[in-house]
Amino acid sequence: MRVAALIAVMDADLVRPDTPGRHARLLESASLLPIMLREIQASRDEVERARSLYRIISGRKTDKALIAVRTLAAAHPFRPFPAPAGRQRLLALGRTIHAQACAGCHDHSNPAALLPAENLYRLACEEAPPALEARLFLGVKGMAEQGHRNPFSPEEQTALSFWYRNAGWKCHAEKPGSGHTPANRQE
Ligand code: HEC
């Protein structure tokens, strides 16, 4: 499942605007991918395809990279955790986790950073599902003390994505400086 999530995140990153941060992250993912495929004993063909991605991405051949990534995605589809019942409870859980553990960085990000901590509500709007779920599954990178371990249970990850998708962020009405909290939250 980690391989599938990494591939889903690469797919989403490839269609985002080309910034130095995006490029650096894509290269990092491309260097991890063959190792992770080998770990799950993928075919030699797949490992080779993944290895060639690093070169393709270095050369900024985005279209070619997308074709390769989507071929891999078809063989390794990322399936988010199914949402447990209880919409109100999930929303409340996601909201609490976000406020306690994420908002400090993600609601006041530094746009000048190479890889800014993005506004997660906006990310949920902008990217096709299941990119956000795959990003959450792969881990919450700002929380350095957790190392590479994802500190969140499947239910907590689902609650977070549910919150970002349903908190009431106005996907198309955002203006610069209009604040970073959901405007028309319904609880
Ligand atoms: C100490 C600051 C900090 C905290 C706390 C933090 N983050 Fe982040 N987060 C970042 C930064 C910086 C990035 C961008 C770096 C990157 O994309 O590698 C990031 C990236 C992300 C991404 C995008 C990863 C990707 O694949 O593009 C997601 C999703 C995310 N954080 C979710 C969360 C959630 C959910 C929480 C709370 C549970 C959280 N973060 C807490 C700083 C933080």
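Arg60 counts as exposed, with 11 C-beta neighbours inside 10 Å. Arg60 is found in the loop between helix 3 and helix 4 (62-75), and its phi is near 55 degrees, a positive value in a residue other than glycine. Most residues other than glycine have a negative phi, and most peptide bonds are trans.

Before I go on, a word on where this comes from. This is a predicted model, in which local features need pLDDT of at least 70 and side-chain atom pairs count only at pLDDT 80 or more, while totals for chains, interfaces and linings use all residues. Residues are numbered from 1 along each chain as its sequence is written.

Gln41 is found in the loop between helix 2 and helix 3, and is exposed, with 7 other C-beta atoms within 10 Å.

Now the overall picture. The protein has eight helices and zero strands, so called because helices (H or I, at least four residues) and strands (E, at least two) are DSSP runs, numbered from the N terminus. Along the sequence that reads α-α-α-α-α-α-α-α. Of the 187 residues in the protein, 26% are buried. As for contacts, two residues are in contact if their C-beta atoms, placed from the backbone, lie within 7 Å. Among contacts between residues at least 6 apart in sequence, 63% join residues at least 24 apart.

How do helix 2 and helix 3 cross? The axes of helix 2 (residues 20-39) and helix 3 (residues 44-58) come within 8 Å and cross at roughly 170 degrees. That makes helix 2 roughly antiparallel to helix 3. For the record, axes are lines fitted to C-alpha atoms, for helices over the stretch in contact, and angles run from 0 to 180 degrees between N-to-C directions. Angles over 145 degrees count as roughly antiparallel, under 35 as roughly parallel, 65 to 115 as roughly perpendicular and the rest as oblique.

On the helix 2 side, the residues that meet helix 3 include Leu26, Leu27, Ala30 and Leu33, and on the helix 3 side their partners include Val47, Ala50, Leu53 and Tyr54. The residues of this contact divide into eleven nonpolar, two polar and three charged. Here Ala, Val, Leu, Ile, Met, Phe, Trp, Tyr, Cys and Pro count as nonpolar, Asp, Glu, Lys and Arg as charged, and the others, Gly among them, as polar.

Let me zoom in on Leu27, which lies in helix 2. Leu27 is partly exposed, with 14 other C-beta atoms within 10 Å. Leaving out residues up to four places away in sequence, Leu27 touches Tyr54, Ile57 and Ser58. The C-alpha atoms of Leu27 and Ser58 are separated by 7.1 Å, although the two are 31 residues apart along the chain.

Helix 2 has another partner. Helix 1 (residues 2-14) packs with helix 2 at an angle of about 155 degrees, with their axes 10 Å apart. That makes helix 1 roughly antiparallel to helix 2. By class, the contact of helix 1 with helix 2 has ten nonpolar, one polar and four charged residues.

Next, helix 7 (131-138). Seven of its eight residues are buried, so helix 7 is largely enclosed by the rest of the structure. The buried ones are Ala131, Leu132, Glu133, Ala134, Arg135, Leu136 and Phe137. What covers them includes helix 1, helix 6 and helix 8 (154-166). Pro130 sits in the loop between helix 6 (120-126) and helix 7, and the peptide bond from Pro129 to Pro130 is cis, with omega near 5 degrees. Just after helix 7, Gly139 takes a positive phi of about 135 degrees.

Last, how confident is the predictor? The mean pLDDT, the predictor's confidence in each residue from 0 to 100, is 87 for the protein, and 87% of its residues reach 70 or more. Where pLDDT is low, the predicted coordinates should not be read in detail.

How values were computed
A residue is buried if 20 or more other C-beta atoms lie within 10 Å of its own, exposed if 12 or fewer, and partly exposed in between; C-beta atoms are placed from the backbone.
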